[in-house]
Amino acid sequence: MSTPEPDARTAQRALTAAHLYYVQERTMEAIARELDTSRSTVSRLLAHARATGIVDIRIRSPFAAPRRLEDDIAARFGVTAHVVPVPDDASEVESLERVAAAAAHLLHELVKTDMIVGVAWGSTTAAVSRRLVPKAVRGTAFVQLNGSGNTHTTGLLYASEILRRFAAAFGGSAQQFPVPAFFDDPRTRSAMWRERSTRRILALQDAMDLVVFSTGAADSSVPSHVYSGGYLETRDLQSLAAEGVVGDVATVFYRADGSSTGIALNERATGPRFDVLRRVPRRVCIVSGVTKLASVRGALAARLATDLVIDDTTARALQAASTT
């Protein structure tokens, strides 16, 4: 007869199995391989998780270490951290998919009736949109945060597909923003912002209850769409580097200290000003991969997020970087 596992070890394995099964939507066979155990043991661990209250509406960690990491990030940056466990040998794409699944479950809780939800297009929000958990709400509008056109494409298909998935999952409406990501001349943007059709979208953005975004980074392992999709020319990238830019949110760029004033490209960008974002009651930033460390630190310095969904490796790197 085998010796029973100590209670703490059983609880730890049950938590890991529950997160893999309920949040990351892994099969029992895949979980058994990852935990180096049998499918029947995984089944018992999931039963233990349900019986002991680890699994409720969401998964709650009973361990000090993950709680300390989330609590430390909360104390340092003033956000609610949602740290997602990812195997050390996971690829950047797999890490992104697991973080996206966790973010989708969080949004299932946050999206309510008659909300206005802002969505920034990009590689991360596209991944989240594919993992959304359906929930019927009434009167909720999903509004595009920034334009998506460039000299190669209107970008409407890419951005609209992300919005469509959000709207379909929650039974809401999709409100597109059919303007370029960047105007050629700031005066053109100023004129466009006076148009009634544009003012309607801007008014929706001013009234947002929830906003969903990631941080863009030029050197991200999973390329940020604004950098890989033909939006920035060589001279733009050179200008951003010279101005000390570390990332963007909805095509508005910022430095390591969170400042965004004086960055030339922002005068032509169509994303919302950071003071507009900061007025939104709930702001969910979703980040995967240590190559986004500088960009997420800058976004946190700019106080753009109330919630941070992040993989555990990047969370630990964020914790370590903030102590140096």
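Author: The largest nonpolar core has 87 residues, and those that touch the most other members are V128, F142, F182, F253, L308 and V309. A nonpolar core here is a set of buried Ala, Val, Leu, Ile, Met, Phe, Trp, Tyr and Cys residues joined through side-chain atoms within 4.5 Å, where buried means under 20% relative accessible area, exposed over 50% and partly exposed in between, with a 1.4 Å probe and protein chains only. Helix α5 (residues 92-110) gives the most to this core, with nine residues; helices (H or I, at least four residues) and strands (E, at least two) are DSSP runs, numbered from the N terminus. Apart from this core lies another, of 15 residues, with A14, A17, A32 and I54 among them. In soluble globular proteins, nonpolar side chains tend to be buried together.

The model is a predicted one, in which local features need pLDDT of at least 70 and side-chain atom pairs count only at pLDDT 80 or more, whereas totals for chains, interfaces and linings use all residues. Residues are numbered from 1 along each chain as its sequence is written, and side-chain values use heavy atoms, with hydrogens and water left out.

To begin with V128, this residue is in contact (heavy atoms within 4.5 Å) with A100, A103, A104, L107, F166 and I286, leaving aside its neighbours within four places in sequence. V128 is one of the buried residues of α6, together with T124, T125, A126, A127 and S129. Because six of the eight residues of helix α6 (residues 123-130) are buried, this helix is largely enclosed by the rest of the structure.

F253, another of the residues that touch the most other core members, is the bridge partner in β7 of D248. Strand β6 (residues 245-249) and strand β7 (residues 252-255) run antiparallel and are joined by four bridges, two strands being paired if DSSP finds at least two bridges between them. They form a hairpin with two residues between them, and A250 in the turn has a positive phi of about 55°. Strand β6 is mostly covered, as four of its five residues are buried.

V296 is found in helix α13 (residues 293-301), and it counts as buried because its relative accessibility is 0%.
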